[in-house]
Amino acid sequence: MVKAVVGANWGDEGKGKITDMLAQEADIIVRFQGGANAGHTIVNDYGKFALHTLPSGVFYSHTTSIIGNGVALNIPVFFKEYNDIVSRGVPAPKILISDRAQIVMPYHILFDQYEEERLAGKSFGSTKSGIAPFYSDKFAKIGFQVSELFDTDHLKDKLKRVIETKNVLLEHLYHKPLLDSDELLEEMLRYRDMVSPYVCDVSSFLWQAIKDGKDILLEGQLGSLKDPDHGIYPMVTSSSTLAAYGAIGAGLPPYEIKKIITVCKAYSSAVGAGAFVSEIFGDEADELRRRGGDGGEYGATTGRPRRMGWFDCVASKYGCRIQGTTDVAFTVLDVLGYLDEIPVCVGYEIDGKVTTDFPTTSLLEKAKPVLKVLPGWKTDIRGIRSYADLPENCRNYIEFIEEQIGFPITMVSNGPGRNDIIYR
Ligand code: GDP
């Protein structure tokens, strides 16, 4: 069976933990989109890890971890991460890399930095991992697939052609040093040697795996609201964050995705610019940020403090719907145990009218939160393993939110570890 683990919100919902947990029962874990621009934090028996490109199944020796064609593959970052986990005692994971995955080129990272510099205060808050330039080139059809690394003459020729246009921008728009195609070719040949043991026709591998009845997990990065089509455009990422894209970015039939587990955090956090209706500020935000996640809400890639807010039912209901959710995994609930009262955003007021439908970006900018305040439970719920043992106010919080979003919360996560989970 194929399951997808995806985010309902702005990312950082705890997908890594849920994937790591579900990977215990899986045979194959596939990354199908995104790149090294966001991170998962995973706490398990080997320690605490921030993964950016490795699939969250790499900690189990019974799983195969796959980089699908939809990923923006940063080859040096990928192997650095691989070597890091192995040097910390994790058995060398079984890895496959799609021959159709495209490569983040060194100049994609440079262009990302230069463009942020050029936009200065008007920037999108990019992590400068080269993701937007990468996907722009992919769809402009001047990207490089992994398979192209294995034809040196072709590579040489294409690099020359592509660099011609890049150098015009570097010289006249950014006023930066020009690219040298010989140097880049050498770098590409190094990349070729790094990936060559792992390259495979992933869609055909998965086709066979489905026929053999294997359990496959599709691991999403970021969340619904960062999707370029259905999110808060243009403050979005450059590849689709939706489970549906799992079929494309892994290369498997869409009807095979039977379960869509949407991870939804018990409060809100976001990184980068853009409207964030339930955002809170000052001491209230600082406290939640400090207590949030596992060691504070700071970017796993950038270390940037995340923007904080109360749970947003409007955004989460939409985020779950657009994913095609079958199950909600409600995470980081333990963090809220310090609050006497917990505000929840139950509607948006836009031009004097209250709605529970998530609007397009221009209206979103005008939205003000309609808050409902629920009583807190004022205890530490970590370690509880059965739903009935949760404090009543805590169950009421979960059930209130479940009703508001309209999708079943079947898992409640009450701690960062693999076993901190309550099934309903
Ligand atoms: P992802 O990108 O969706 O995987 O999310 P991140 O890894 O950026 O953020 C999740 C953070 O919360 C990590 O530090 C996790 O270890 C932590 N985490 C996940 N689930 C829980 C939970 O239920 N409780 C607590 N306290 N922390 C959690």
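**Group meeting: a strand residue and some salt bridges**

Let's start with Thr 64, which sits in strand E5, residues 64-67. Keep in mind that this is a predicted model. Is Thr 64 buried or exposed? Its relative accessible area is 10%, so Thr 64 is buried. What does Thr 64 touch, beyond its neighbours within four places in sequence? Its contacts there are Asp 27, Ile 28, Ile 29, Lys 94, Leu 96 and Phe 205.

Now to charges. Side chains of opposite charge can pair when their charged atoms come close. How many salt bridges are in the whole structure? The search finds 24.

Take Arg 306 with Asp 12. Their side chains form a salt bridge, 3.1 Å from N to O. This pair connects distant parts of the chain, 294 residues apart. Arg 306 is in the loop between helix H9 (282-291) and strand E14 (307-309). Asp 12 is in the loop between strand E1 (2-7) and helix H1 (15-23). Both Arg 306 and Asp 12 are buried.

Arg 306 has another partner, Glu 297. Here the closest N and O atoms are 2.6 Å apart. Arg 306 has 8% relative accessibility, so it counts as buried. Glu 297 has 1%, so it is buried too. Which residues make up the network of salt bridges? Asp 12, Lys 265, Glu 297 and Arg 306 are linked in it.

Lys 80 and Asp 84 are both in helix H2, residues 75-87. They are four residues apart, about one turn of the helix. Their salt bridge has its closest N and O atoms 3.2 Å apart. Lys 80 is exposed, at 52% relative accessibility. Asp 84, at 35%, is partly exposed.

Terms used. Residues numbered from 1 in each chain as written. Predicted model: local features only at pLDDT ≥ 70, side-chain atom pairs only at ≥ 80, totals over all residues. Heavy atoms only, no water. Helix = DSSP H or I, 4+ residues; strand = E, 2+ residues; numbered from the N terminus. Buried < 20%, exposed > 50% of the residue type's maximum accessible area, 1.4 Å probe, protein only. Contact = heavy atoms within 4.5 Å. Salt bridge = Lys/Arg side-chain N within 4 Å of Asp/Glu carboxyl O.
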